[in-house]
Amino acid sequence: MTSTLIRNAAAIMTGLQGDAARTDATDIRIDGDRIREVGRLSPLPGETQVDASGCVVYPGWVNTHHHLFQSMLKGVPAGINSSLGDWLVQVTARYRGRFDGEALEVAATVGIAELLLSGCTTVADHHYLYYPDMPFDGARILFDVAERMGVRFVLCRGGMTKPQPGFEVDIPRELRPESADAMIADVASLVQRYHDPDLLAMRRVAMAPTTPTYRVRPEELREMARAARSLGIRLHTHLSENLDYLRFFREVHDRTPIEFCDEHEWLGPDVWFAHLCHTGGDEIERMARTGTGIAHCPASNCRLGSGIAQAPKMAAAGMKVSLAVDGAASNESADMISEAHTAWMVHRAVKGLGRFEGGGDAVTAEQVIHWGTRGGADILGLDAGSIEAGRAADLALYALDEPRYMGLHDIGIGPVISGGRPHLRCLMVGGKVVVRDDAIPGLDMAELAARSRKVLARVMR
Ligand SMILES: [Zn+2]
């Protein structure tokens, strides 16, 4: 085993909660792919040393909900001022047929590059670009790109078994639904090919129908939950993103989405939902009690005007909270620093609305860091996301050496409270360097920009 010592950090944020969020340690020793010790340490003979002086060290961010293919769908004019319902038709439904294997490969490379450069080390991609007789193997492309770039990758295998409303007659090929049996069979084959149950896995698979019950029938949900559990994988989907969705559930199912999920075996420590902007009644308590998690996507929710999840209330109730960028078509960027900054800001605005005294205590930076790191790893079932002995050596070293970060009285929380894109001196995944001084080894950024322009021209045509 090769041992590495990260030395003289100016601050270390552990990703843990409460008093444990900070440490007076300055050094981190890594053995192989795990952290061995954290403290004030002296180098061992022959040990590799990484100079972290002036740097703030975070656990690598864990992004629990993304749609990487959307990296080629930023700022689509027909959807730029739309809310969710119209945006789904104008942007994602309209453009999905224009993706081929090369477009997906370039989009995934762009998305993962942006995430890595923000200090993200784990990506759960909710990939729903599936239709019968697909001409390319999206899963293989995504796993290959993730492996090449060195990021931990969870493929949340999406898809629909019901057609998109408005497209029931003469459905274009790319909007045709799959059968539930075909989807479940493909998930089982993906598990065979890629899924690693190890707590330090680089590759995982999850069952992730796109949205209950817009795109999947009630009885199929239960089948999918049972199939996932028999395969030993987790369950993920979109839920309660806007008020129309709640009205739909009340009218069609006469119950809340969480009551419905409970009846269809879709709650538990192996389930996490994206968005949950609108929750009421005992929904939060039910999720807390069952260990169900949220992928909180504040930037996307702001962009689409969907509302915002009551993440602080969820966390206080004992729910598992994580952070996620969602697809770049509803965010226009996809980096975890922006997401954390938005989370830190938006809950203060929400709490302050209509009050004489404001919402400055709605959420702390330490809490946001926890959501975005250990909170996400916990939801994904990975032994990562915190800086403590035994966890994955997934670490981000931010050198706060630009004007934006000068003058900070507390540099530990600088990346979250100041936002922007801090200079990333080093990013490690399982002890392996994947970013050095804002560059991704082996990735020619000029070439990627040229390829993305070429693909974009085809997607826009
Ligand atoms: Zn989404």
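**Strands, domains and bridges**

Guide: Let us begin with one pair of residues in this predicted model: Val56 stands opposite Tyr398, a residue of strand 16.

Visitor: In which sense do strand 7 and strand 16 pair?

Guide: Strands of a sheet pair through backbone hydrogen bonds, and this can happen in a parallel or an antiparallel way. Strand 7 covers residues 55-59 and strand 16 covers residues 395-399. Between strand 7 and strand 16 there are five bridges, and the sense of their pairing is antiparallel.

Visitor: Which strands are the edge strands of the open sheet?

Guide: The open sheet is formed by six strands, in the order 3-2-7-16-17-18, with mixed pairing. An edge strand pairs on one side only, and this is the case for strand 3 (22-23) and strand 18.

Visitor: Which residue is the bridge partner of Met428 in strand 18?

Guide: Strand 17 and strand 18 pair in the antiparallel sense over four bridges, and the two strands form a hairpin with two residues between them. In the turn of this hairpin, Gly430 has a positive phi of about 55 degrees. Looking across from Met428 to strand 18, we find that its bridge partner is Val433.

Visitor: How much area do domain 1 and domain 2 bury between them?

Guide: The domain assignment gives domain 1 as 3-59 + 384-436 and domain 2 as 61-380, and their C-alpha centres lie 28 Å apart. At the interface, 34 residues of domain 1 are in contact with 25 residues of domain 2. Of the area buried between the two domains, 65% is on carbon and sulfur atoms, and the total comes to about 2,400 Å².

Visitor: How many nonpolar residues does the side of domain 1 that touches domain 2 have?

Guide: Between domain 1 and domain 2 the count is 12 residue pairs in polar contact. Among the elements that each supply at least two residues of the touching side of domain 1 are helix 13 (414-418) and strand 17 (423-429). Sorted by class, this side has six charged residues and eight polar ones, while the number of nonpolar residues is 20.

Visitor: What is the value of phi for Ser240?

Guide: Ser240 lies in the loop that runs between strand 12 (234-239) and helix 6 (243-253). Its phi is positive, in a residue other than glycine, and the value is near 50 degrees.

Notes: Residues numbered from 1 in each chain as written. Predicted model: local features only at pLDDT ≥ 70, side-chain atom pairs only at ≥ 80, totals over all residues. Heavy atoms only, no water. Domains from an automatic or database assignment. Contact = heavy atoms within 4.5 Å. Buried area = accessible area lost by both parts, 1.4 Å probe. Polar contact = N/O pair within 3.5 Å; in protein donor to acceptor, adjacent residues only side chain to side chain. Nonpolar A, V, L, I, M, F, W, Y, C, P; charged D, E, K, R; others polar. Pairing = 2+ DSSP bridges.
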